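Please review the structure shown below together with this briefing.

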Amino acid sequence: MIIYYAIILTLYFTIGTVIALLSRRYGVVSTEDYYVAGYRLGSLLSAMTYAATTYSAFMMIGLVGFAYATGVGAFGFENLYLLATIFLLTLFAPSVWRMARERRWVSPSEMIGDLYGSRTLAFIVAVIYLLALIPYATAQMVGIGNLFQGIGFGYYTGVLFTAFIVFLWTYLAGIWSVASTDVYQGLWMIVSSIMFIIWIIFYLLPSNGLDLGRALDLVGREGYLGITSIWSRPTVFLSFTLPWTFFAVTNPQVVQRMYMPRDEKALKNMIIYFALFGLVYTILVTVIGLLARSLTIAGAFPDLTKDRDLVTPTLISLAHPIVSSIVFVSIIAASISTLDSIILTLSSTTSKDIYRSSGRVGSNKMLITYIVLAFLVLVTTAIAWFKPGFVVELSVLSSVLLLPLAPITIVAWTKPRIVNRGYIPAIVSLITGSGIGFYTAVRYGPKKAFTLEFLGLPVSLWILTVSTITLLLGLLVQEMSRRET
Amino acid sequence: MPLTKPLFIIVGVVLIVLAYIIPYTLLYRVSSLELYIFWILLTIVGLALSITYLRRGGVK
């Protein structure tokens with residue numbers, strides 16, 4: 001069996017590397033080319049890199065298990081992210097896209113610093129990105145290490161394989177190689193999930209005396225098609241969904257993708273194609289989880305409610321080696337497409353808004369870019385290697401920690417003239433909101449902090465409310481004092 | 001009626017609020033695919049709304 005995995009993995013790596021090498025023909029001569037494709041990405045590349053960056057291994061491992069354990073509410077949770085993202089992108093992406101090319105934005109922290117007229121703010125935002133996203137990136141690497149361990153390749157082999165592939169595919173042509181390999185990896189993800197569900201419906205269910213209708217009937221009778229106990233309180237649903245609702249605005253790796261389409265048509269197509277990809281992929285993944293639950297109810301599959309992340313690995317262990325190795329590689333592809341995008345974006349924010357804000361502007365910007373890139377890959381690899389518990393656990397909180405960026409970003413996009421020079425309220429808002437997030441993470445532990453409630457409301461709602469009120473009050477006071485003078 | 005920016009925002013917010021409220025009111029204890037289909041349809045309506053807004057000049 002291990003030979004099939006080795007062959008498919010080698011095939012995946014070889015094709016991906018050839019695509020990354022071919023993408024060098026687009027020509028990378030500046031940091032603008034390297035990070036935002038010189039603002040000339042086509043529709044397909046824009047849409048697929050947005051989708052592949054967004055959808056990580058969480059979908060095929062985490063969401064399948066979540067749907068298995070908690071029923072259709074897991075679909076509602078993931079689908080709310082999609083619905084909110086379609087709405088936010090439609091509303092803001094066109095103006096952000098226009099401003100990005102007018103003001104030559106490369107990194108999202110640079111964007112916020114520019115809109116508020118403060119390099120200090122850009123620096124703070126870049127640091128928050130690092131603190132929130134390095135653990136998230138590390139979790140992707142740890143996930144691949146665990147998958148490698150599961151099939152007998154070894155955990156550390158998985159970590160080193162990931163580090164090498166992420167550095168190579170990012171180094172070769174920056175966003176051009178990342179976006180090109182994202183198209184390839186996105187196709188791998190969607191095609192393999194279709195293949196996987198076909199195998200479940202037409203082979204696994206019938207071989208256990210079930211068909212699709214009977215399987216859905218079983219999960220329906222057990223209550224998995226309604227609101228199950230975990231979702232019974234709306235505040236739990238809110239605590240899960242709220243941080244992801246603002247993902248399109250707060251996470252730099254997707255904000256940066258709004259700058260890249262070559263024209264308005266490519267931008268609109270990016271939104272539409274991404275939404276279609278997201279909807280189809282979310283349906284496929286959650287149906288897989290529900291069908292696995294039906295098999296458990298029928299007594300044909302072990303009860304993995306308490307080890308829900310093992311649902312997909314257990315399912316693929318039952319498949320033909322070719323099917324299971326293709327699905328296995330799709331999970332790796334989902335992780336790597338997310339990881340290399342995050343590393344590239346963090347490289348842009350670190351080199352532009354942390355390194356250069358120290359006044360060290362070198363003549364060779366590309367060399368600095370490569371050094372920062374290598375440094376970030378090394379840091380992520382080192383954390384994945386030693387797996388310090390708190391840092392790895394912190395990955396679940398990434399979107400909560402980035403949530404204070406939602407008000408300062410949305411207000412700046414909608415009222416750029418008002419926020420100009422309003423950096424002090426923005427800094428106070430950001431530090432207050434992030435402070436609450438980091439405090440709860442340290443005080444209660446990241447996993448508990450995610451669903452923790454104060455006065456009956458989730459922490460994420462408190463972060464959003466406090467940072468919004470702080471920002472708006474600060475801007476109001478500043479505007480009033482400006483008028484007085 | 002033209003799909004203006006304020007109208008788009010109102011309808012979009014209503015769709016998101018419905019995604020939270022309906023499951024806890026009308027579709028709490030369903031035993032078939034009503035809730036699943038409700039969320040899918042809501043997203044399809046949201047996508048259609050976005051396409052209309054993007055293509056009919058809502059973007060200036």
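What covers the buried residues of H10(A)? The cover includes helix H9 (175–207) and H14 of chain A, where contact means heavy atoms within 4.5 Å and buried means under 20% relative accessible area, exposed over 50% and partly exposed in between (1.4 Å probe, protein chains only). This is a predicted model, in which local features need pLDDT of at least 70 and side-chain atom pairs count only at pLDDT 80 or more, while totals for chains, interfaces and linings use all residues. Residues are numbered from 1 along each chain as its sequence is written, chains are lettered from A and ligands numbered from 1 in the order in which they are written, and side-chain values use heavy atoms, with hydrogens and water left out. Helices (H or I, at least four residues) and strands (E, at least two) are DSSP runs, numbered from the N terminus.

**Helix H10 and its ends**

- Helix H10 of chain A spans residues 212–221, and its buried residues are Ala215(A), Leu218(A), Val219(A) and Gly220(A).
- At the start of H10(A), a side-chain oxygen of Asp211(A) comes to within 3.2 Å of the backbone nitrogen of Gly213(A).

**Helix H4 against helix H14**

- H4(A) and helix H14 (residues 264–297) of chain A pack at an angle of about 50 degrees, and their axes are 7 Å apart; axes are lines fitted to C-alpha atoms, for helices over the stretch in contact, and angles run from 0 to 180 degrees between N-to-C directions.
- H4(A) is therefore oblique to H14(A), given that angles under 35 degrees count as roughly parallel, over 145 as roughly antiparallel, 65 to 115 as roughly perpendicular and the rest as oblique.
- The crossing of H4(A) with H14(A) is right-handed; a crossing is right-handed if the near helix is turned clockwise from the far one by less than a right angle, and left-handed if anticlockwise.
- Residues of H4(A) in this contact include Met59(A), Met60(A) and Leu63(A), and those of H14(A) include Tyr281(A), Val285(A) and Arg293(A).
- The residues of the contact of H4(A) with H14(A) comprise 12 nonpolar, four polar and one charged; Ala, Val, Leu, Ile, Met, Phe, Trp, Tyr, Cys and Pro count as nonpolar, Asp, Glu, Lys and Arg as charged, and the others, Gly among them, as polar.

**Thr70 in helix H4**

- Thr70(A) belongs to helix H4 (residues 57–70) of chain A and counts as buried because its relative accessibility is 3%.
- The side chains of Thr70(A) and Trp231(A) form a polar contact (3.1 Å), a term for a pair of N or O atoms within 3.5 Å; within protein, one must be able to donate a hydrogen and the other to accept it, and residues adjacent in sequence count only if both atoms are side-chain atoms.
- Not counting residues up to four places away in sequence, Thr70(A) touches Tyr224(A), Thr228(A), Ile230(A), Trp231(A) and Arg308(A).

- The contact of H22(A) with H24(A) has nine nonpolar, nine polar and no charged residues.
- The axes of helix H8 (residues 155–171) and helix H17 (residues 365–386) of chain A come within 10 Å and cross at roughly 165 degrees, which means that H8(A) is roughly antiparallel to H17(A).
- The contact of H8(A) with H17(A) has 14 nonpolar, two polar and no charged residues.

**Loop residues**

- Most residues other than glycine have a negative phi.
- Ala37(A) is not a glycine, yet has a positive phi of about 60 degrees; Ala37(A) lies in the loop between helix H2 (31–36) and helix H3 (43–54) of chain A and is buried, at a relative accessible area of 0%.
- Leu455(A) has a positive phi near 50 degrees and is exposed, with a relative accessible area of 79%.
- Leu455(A) sits in the loop between strand S1 (453–454) and strand S2 (457–458) of chain A.
- Ala319(A), in the loop between helix H15 (311–318) and helix H16 (321–355) of chain A, is buried, with a relative accessible area of 7%.
- Ala319(A) and Phe196(A) are 123 residues apart in sequence and 8.8 Å apart in space, C-alpha to C-alpha.
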